[in-house]
Amino acid sequence: ASGRTQIADHPLALAPVSAPASSVDGFVREFLKNLNFTQGVPLSASSPNDRYLALAHTVRDYLMARWLEDQRGQREAQSKGVAYLSAEYLLGRQLDNNLLASRLTDVATEALAKCGIDIDDLRQQEVEPGLGNGGLGRLAACFIDSLATMSVPSIGYGIRYEYGIFRQTFVDGQQVEQPDAWLSLGSPWEFPHPEAAQTISFAGHTETYDDDGVERSRWIPAWNVQAVPYNYMVPGYHNGRVNTLRLWRSVATNAFDLRIFNSGDYEEAVRAQIFAENISKVLYPEDSTPQGKELRLQQQYFFVAASIRDFLTNVLAEDFDLEKLPERIIFQLNDTHPVIAVPEFMRVLVDEKKMDWDAAWAITQQCFAYTCHTLLPEALEVWSVDLLGRLLPRHLEIIYRINDEFLLAVRERFGDDEMRIRNMSIVSDFPERSVRMAYLATVAGAKVNGVAELHSQLLRDKVLPDFNEFYPGKFTNVTNGVTPRRFIRLANPQLADLITEALGAGWTVDLERLRGLESFAEDPEFRARFAEVKAANKRTLNTVLLARDGLSVPDGHMLDVMVKRLHEYKRQMLKVLHIVTSYEGIISGRVDVKDVTPRTFIFGAKAAPGYVMAKRIIHLINAVGSVVNADPRVEGRLNVVFPPNYNVTLAERVIPAADLSEQISLAGKEASGTGNMKFALNGALTIGTDDGANVEIRELVGDDNFFLFGMTEPEVEALWAEGYRPSEFYQKDEDLRRAIDLIASGAFSGGDRTTFEPVVSNLLYDDRFMVLADYASYIAEQGKVDAAYGDQDAWTRSAILNVARSGYFSSDRSMRDYIQRIWHTPPAY
Ligand code: 4GP
């Protein structure tokens, strides 16, 4: 027994003694060791995948000591931490980021060179985890990077989707979804812990019972699955800190029935396994079927229930006084997907921990905060009462009670204003009885935040005004941010070096220092070097696109980029109309091709598999591209490039090369945007509406360095109120008519007028996002873009000023705002 105690006390039992030596020879040794002992091959017989995995394991080894130390610290700390609950983490590749964070890039490069290996070849082996869709998933990844870099005690919780978001391919210009098998060659960055699986239950019924004179409820579930944690390292930048991202995988409790197997029914023998594993199969399963909807709710409950249990049982001490929970944790709800955590938390406190309802509710209201990422009403999730009652019967009861008490309080405050009561009820009766998850989150959350100034204001005044009146001070804003580590240091190393040369080190963790570049904008020599970096980035992009998709970015072209999810509100259609207008001008002879500024238009966009109009727009972009690119009359001056499967890896090459950033959503629709920030930080000029964070970008970089067009949000409202008839714009504007007519004529569909007819009639007779209303202003502003681009030196000056003035958009600043306005956590421990 005494021997065991001694071992438990031994430093090695708590954490490895130290990281391997950070020398080239030390790295070589570790790398070869991993090749031999982890991959089981000698260098001479190793495949590129072996080498990549060995390299990744080596980097892990360097981070391990700090990771274990920080996990222990987090368990032992008595201070408050953050648990970020998110259905998505769009991480991007890990290798480079982890090398950068641990200052190992040079050592690793040299060490591998000594082994005869070009580290660049190994970089290409890494398949990025497809665990996110768009903005909110990438935001989550930026936030955990910043939290680690700022040493904030925190953990990210989510789902380890086996296939992630789909891999996009184009067949005849149309999107075809393929499974994204990102795990097929193994992921060296994850640490599975099957022994720490949690049981997560579903369905069944509830009952009340007498618990020593107190009537209590309990849930008798019908089936369950196991949630297996997979841990990922989240290293801070140059601070030795390593936080954790914990993603859950769903497996069957009894994966395999030997009795049935032996009876010969092999399919039935593994049915439970297939059923259970579906939960963590894909991100955002198609939800147009009832089965799809149910699967999404299963996913949401699955990961938040596992995360809450994980925190309560593995992080808190066994004898922790639950009344003190608000001093130890805040769960940040990243949009509505994790909101079912609220009734789950209540269920655990009331049913399992036997806490009094009011006490539990008071605690819950301090332990959650909610971030909304949208303004589109259809994006605010609702769950039918029918589905909720079947899948999570106890949670539905809890939601009803929360709602009853909430509405009682509303009546007390505002009287029996039935209209207001109906508008504020968490449970709505129309069009079917359902639970409004955004309302539940708003009622439960200590704070509710939007993601840019304008968005937060609209959220408060237009989307949830009654709640704002009822809960003064609950609503706040935190403008989004992006991590400068990945999006400048890794994505744009040459710019990073130029900045360091000008400003010295330190700006990577204190991005406001970029202000210092303002004076360099006036220095011709600096401008020339800045322009050279941009040109080099374009050449790199050209090489990448050529290898990846056989596409090219010709020398001397302005790079005009629109990369983001495909959605009508983002208005890729407006961009298409601009291209078609330029093209039509050339082929009709009204514009001399020699006067056209050579531009390459880059698109990157996935459409949700069930979003038919978005897919038609993708088809149209590709169709326009093939016609325009091939037409000799254009003389190569317009070039449309649409690489499929836009992802973080490609973004890191596209953004640093861009000249013009397209942020052209209808005002009042884009919550924030984060791509807009990445472009500005990499010296692209924005053409944009007064929407989302564009507003703040423009304020900071200045009107002279931003191309503003389109209606403002109040103008949009006014036009709606007055009755928007898109066809009137079509009738009035000759250029617009020519562009639309050209599409309608079949010019981009081999003469077939039916192919894009739905797109055209949607524009003419519906046009919910007012593309036609903003067309004229957009085209006029694009004219100014061309003129400005004509003076390259002035353009470069503006580009530098964009970089210099965008330091505010670091996700480190966002995290400081969250800490100050919402979490009230100590900045570090
Ligand atoms: C996105 C918003 O569309 C975008 O404006 C914002 O920058 C981003 O969240 C992060 O806050 N929303 C989503 C979504 O990704 O799925 O609703």
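**Cores, rings and strands**

Reply: Happy to! The largest nonpolar core has 152 residues, and Phe27, Phe202 and Leu325 have the most contacts inside it. Helix H12 (residues 290–315) gives the most to this core, with 12 residues. Please keep in mind that this is a predicted model, where local features need pLDDT of at least 70, side-chain atom pairs count only at pLDDT 80 or more, and totals for chains, interfaces and linings use all residues. Residues are numbered from 1 along each chain as its sequence is written, and side-chain values use heavy atoms, with hydrogens and water left out.

Me: What makes a set of residues a nonpolar core?

Reply: The members are buried Ala, Val, Leu, Ile, Met, Phe, Trp, Tyr and Cys residues joined through side-chain atoms within 4.5 Å. Buried means under 20% relative accessible area; exposed is over 50%, and partly exposed is in between (1.4 Å probe, protein chains only).

Me: How do you know where this core lies relative to domain 1 and domain 2?

Reply: Domain 1 (17–76 + 94–127) and domain 2 (77–93 + 128–480 + 816–823) both give residues to the core, so it lies between them. The domain bounds come from an automatic or database domain assignment. Another core, of 100 residues, lies apart from it, with Leu90, Leu511, Val596 and Ile800 among them.

Me: Which residues does Phe27 touch?

Reply: Leaving aside residues up to four places away in sequence, Phe27 touches Ala21, Leu55, Thr58, Val59, Tyr62, Leu104, Val107, Ala108 and Ala111. Contact here means heavy atoms within 4.5 Å.

Me: Why is the pair of Tyr84 and Phe143 called edge-to-face?

Reply: Rings of Phe, Tyr and Trp (its six-membered ring) pair if their centres lie within 6.5 Å; planes under 30 degrees apart count as stacked, over 60 as edge-to-face and the rest as tilted. Tyr84 and Phe143 are 6.0 Å centre to centre with 75 degrees between the planes, so the pair is edge-to-face. Tyr84 is in strand E1 (residues 81–85) and Phe143 in helix H8 (residues 135–149), 59 residues apart. Helices (H or I, at least four residues) and strands (E, at least two) are DSSP runs, numbered from the N terminus.

Me: Why does Tyr84 count as buried?

Reply: Its relative accessibility is 1%, so Tyr84 counts as buried. Phe143 is buried too, with a relative accessible area of 0%.

Me: And what makes Phe406 and Phe467 a stacked pair?

Reply: The planes of Phe406 and Phe467 are 5 degrees apart and the centres 5.8 Å, so the pair is stacked. Phe406 lies in helix H17 (residues 393–414) and Phe467 in helix H21 (residues 465–470), so the pair ties together parts that are 61 residues apart in sequence. Both Phe406 and Phe467 are buried. One aromatic cluster holds Phe406, Phe414, Tyr439, Phe467, Phe470 and Tyr471.

Me: How do you know that strand E18 is largely enclosed by the rest of the structure?

Reply: In E18 (residues 558–563), 6 of the 6 residues are buried, so the strand is largely enclosed. Met558, Asp560 and Met562 point one way from E18, while Leu559, Val561 and Val563 point the other way.

Me: What makes E18 and strand E19 a pair?

Reply: Two strands pair if DSSP finds at least two bridges between them. E18 and E19 (residues 599–604) have 6 bridges in the parallel sense, so they pair. Within E19, Thr600 is the bridge partner of Leu559.
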